[in-house]
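Here's a quick briefing on the contacts and links in this model. Have the structure open and follow along.

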Amino acid sequence: MNRKLVSATELASIFNTKLQSSDLLTDETRDCQVGEFYRLVVPDGDGCNWYLRSYTGPHTCSGVVHAIAADLRLRYNLMN
């Protein structure tokens, strides 16, 4: 699968938009946001060159955050 190359800022914007529009968040988890990404020197076995380093918000939104990360890791790579 070809991944679209984006900057970390673009990826954060895409990620946070998907996160805030998720039907899985509740009022108490609505303020979750991604923080930083870690760029891998060598892409992983699936060809992705990043992973989510941090997010803010309550622990209860972790499942949604990780589900979105898994989806976006299939579709985007970070630019050098």
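Leaving aside residues up to four places away in sequence, Arg73 touches Arg3, Asp44, Cys48, Trp50 and Tyr51, where a contact means heavy atoms within 4.5 Å. Arg73 sits in helix α2; helices (H or I, at least four residues) and strands (E, at least two) are DSSP runs, numbered from the N terminus. Bear in mind that this is a predicted model, in which local features need pLDDT of at least 70 and side-chain atom pairs count only at pLDDT 80 or more, while totals for chains, interfaces and linings use all residues. Residues are numbered from 1 along each chain as its sequence is written, and side-chain values use heavy atoms, with hydrogens and water left out.

**Around Arg73**

- The side chain of Arg73 makes a polar contact with the side chain of Asp44, at 2.2 Å. A polar contact is a pair of N or O atoms within 3.5 Å; within protein, one must be able to donate a hydrogen and the other to accept it, and residues adjacent in sequence count only if both atoms are side-chain atoms.
- Arg73 and Asp44 also meet in a salt bridge, 2.2 Å from N to O, the term covering a side-chain nitrogen of Lys or Arg within 4 Å of a carboxyl oxygen of Asp or Glu.
- This pair links distant parts of the chain, with Arg73 in helix α2 and Asp44 in the loop between β3 and β4, 29 residues apart.
- Asp44 counts as partly exposed because its relative accessibility is 25%; buried means under 20% relative accessible area, exposed over 50%, and partly exposed in between (1.4 Å probe, protein chains only).
- Cys48, one of the residues that Arg73 touches, has a relative accessibility of 1%, so it counts as buried.

**Salt bridges**

- How many salt bridges does the structure hold? There are 3.
- Side chains of opposite charge can pair when their charged atoms come close.
- Lys18 pairs with Asp71, with the closest N and O atoms 3.7 Å apart. That pair links distant parts of the chain, from Lys18 in helix α1 (residues 8-20) to Asp71 in helix α2 (residues 62-75), 53 residues apart.
- Lys18 is partly exposed at 31% relative accessibility, and Asp71 is partly exposed at 28%.
- Glu36 and Arg53 form a salt bridge through their side chains, at 3.6 Å from N to O. Glu36 lies in the loop between β2 (33-34) and β3 (37-39) and Arg53 in the loop between β4 (50-52) and β5 (55-56), so the pair ties together parts that are 17 residues apart in sequence.
- Glu36 has 44% relative accessibility and counts as partly exposed; Arg53, at 46%, is partly exposed too.

**The disulfide**

- The structure holds 1 disulfide, meaning a pair of cysteine sulfur atoms within 2.5 Å.
- Cys32 is joined to Cys61, with an S to S distance of 1.9 Å. The link is left-handed, with -105° about the S-S bond.

**Nonpolar core**

- The largest nonpolar core has 20 residues, and those with the most contacts inside it are Leu11, Phe15, Leu19, Phe37, Trp50 and Leu72. Such a core is a set of buried Ala, Val, Leu, Ile, Met, Phe, Trp, Tyr and Cys residues joined through side-chain atoms within 4.5 Å.
- The elements giving two or more residues to this core are α1, β4, α2 and β6, and the largest share, 5 residues, comes from α2.
- Not counting residues up to four places away in sequence, Phe15 touches Val34, Phe37, Leu52, Val65, Ile68, Ala69 and Leu72.

**Tyr38**

- Tyr38 is in strand β3 and is partly exposed at 31% relative accessibility.
- Residues up to four places away in sequence aside, Tyr38 touches Asn49, Trp50, Tyr51 and Arg53.

**Confidence**

- The chain averages a pLDDT (the predictor's confidence in each residue, from 0 to 100) of 90, and 96% of the residues score at least 70.
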